[in-house]
Amino acid sequence: MLTHRLNTGFATAVLILLAVQAYFNVVSWWWLAIPVVLWLVFAVAGSGLVQSGYHIKTLNSQKPVTGRQIALTFDDGPTPYTEKVLELLDRYNVKATFFCIGTQIEKYPHILKKIVDSGHTVGNHSYSHSNKMAIFPVTKIVEEIKHTNALIQQYTHKQTVLYRPPFGVTSPNIAKALHQTGHYVIGWNIRSLDAVIDSESKILKRIKKRLNAGGIILLHDTSQKSVNVLEQLLLLLQQENYKVVQTGQLLNIPDYEE
Ligand SMILES: [Zn+2]
């Protein structure tokens, strides 16, 4: 794991500096701050960037790339906008993956069912979608993941093995929890920022610039803005000859427990 190699590297650097200091007494104590600060920078960046695989292996795109395939993923539903997304996907005969939040499933179980009935895949996106998940105890994180899996199972009879961490944030505790539940950790490599950017054309431009074969696109089924962007995006993907496939198919892993 990258995090172990980095920790060992930084600890070695500190030890070398300490040894040099003890022997020659020439190193300023301030030098010791350098590896410590660097370690902190790496730890913070590694936790925030899902692609870094800092704490746990995350799958962010197809490797090696075979053909012009791409996957569409929708986070934070189900919501009433999910139904509009489903209509559009149907029109283009495209199948996608929806990473659903437990509390949203409890509000809209019939929409969750509709996602699966329409031939799309459902993944787990935690129960609470808390921004404090990284510092939750391992048992609480395991409970969140299992609770959402149970809800998905209850309404769709599917046991998903795909998990996407809220905000793409990982931590040692999240990694430990996922080792226990055995989920594949699904990230992305094309972030639309559709929940952050206001202008639909800017979001589409951002995605267009980042399109790549084997890529995983991150969108949200939580607003009319994202629905409008999706309509344009589906047209663009068709024009650029991309074949939209399910995430599991793209990554050559199962979507559900057999
Ligand atoms: Zn989310």
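**Figure 1. Asp76 in strand β1.** Asp76 sits in strand β1 of this predicted model. Helices (H or I, at least four residues) and strands (E, at least two) are DSSP runs, numbered from the N terminus. Phi of Asp76 is near 80°, a positive value, and Asp76 is not a glycine. Most residues other than glycine have a negative phi, and most peptide bonds are trans. Asp76 counts as buried because its relative accessible area is 17%. Buried means under 20% relative accessible area, exposed over 50%, and partly exposed in between (1.4 Å probe, protein chains only).

Notes for every view: residues are numbered from 1 along each chain as its sequence is written, and side-chain values use heavy atoms, with hydrogens and water left out. In this predicted model, local features need pLDDT of at least 70 and side-chain atom pairs count only at pLDDT 80 or more, while totals for chains, interfaces and linings use all residues.

**Figure 2. Thr73 and its neighbours.** Strand β1 (residues 69-77) also holds Thr73. Thr73 counts as buried because its relative accessibility is 0%. The side chains of Thr73 and Arg164 are joined by a polar contact of 2.9 Å. A polar contact is a pair of N or O atoms within 3.5 Å; within protein, one must be able to donate a hydrogen and the other to accept it, and residues adjacent in sequence count only if both atoms are side-chain atoms. At 2.6 Å, the Thr73 side chain also reaches the backbone oxygen of Ile217. Leaving aside residues up to four places away in sequence, Thr73 touches Thr97, Phe99, Arg164, Ile216, Ile217, Leu218, Leu219 and Thr247. Contact here means heavy atoms within 4.5 Å.

**Figure 3. Two cis peptide bonds.** Lys63 and Pro64 are joined by a cis peptide bond, with omega about -5°. Pro64 belongs to the loop between α2 (33-48) and β1. Gly77 and Pro78 are also linked by a cis peptide bond, with omega about -5°. Pro78 lies in the loop between β1 and α3 (80-91).

**Figure 4. The segment after α10.** Asn252 is found in the segment after α10. Its phi is positive, about 60°, although Asn252 is not a glycine. Asn252 counts as exposed because its relative accessible area is 71%. Glu258 is placed in the segment after α10 (247-251). Glu258 counts as exposed because its relative accessible area is 90%. The C-alpha atoms of Glu258 and Ala177 are 21 Å apart, and these residues are 81 positions apart along the chain.

**Figure 5. The chain as setting for the close-ups.** The chain is divided into domain 1 (2-48) and domain 2 (69-251). Domain bounds come from an automatic or database domain assignment. The domain centres, taken over C-alpha atoms, are separated by 38 Å. Along the principal axes, the C-alpha atoms of the chain fill a box of roughly 75 × 40 × 35 Å. The chain contains 10 helices and 8 strands. Of its 258 residues, 50% count as buried. Among contacts with a separation of 6 or more, 75% come from residues 24 or more positions apart.
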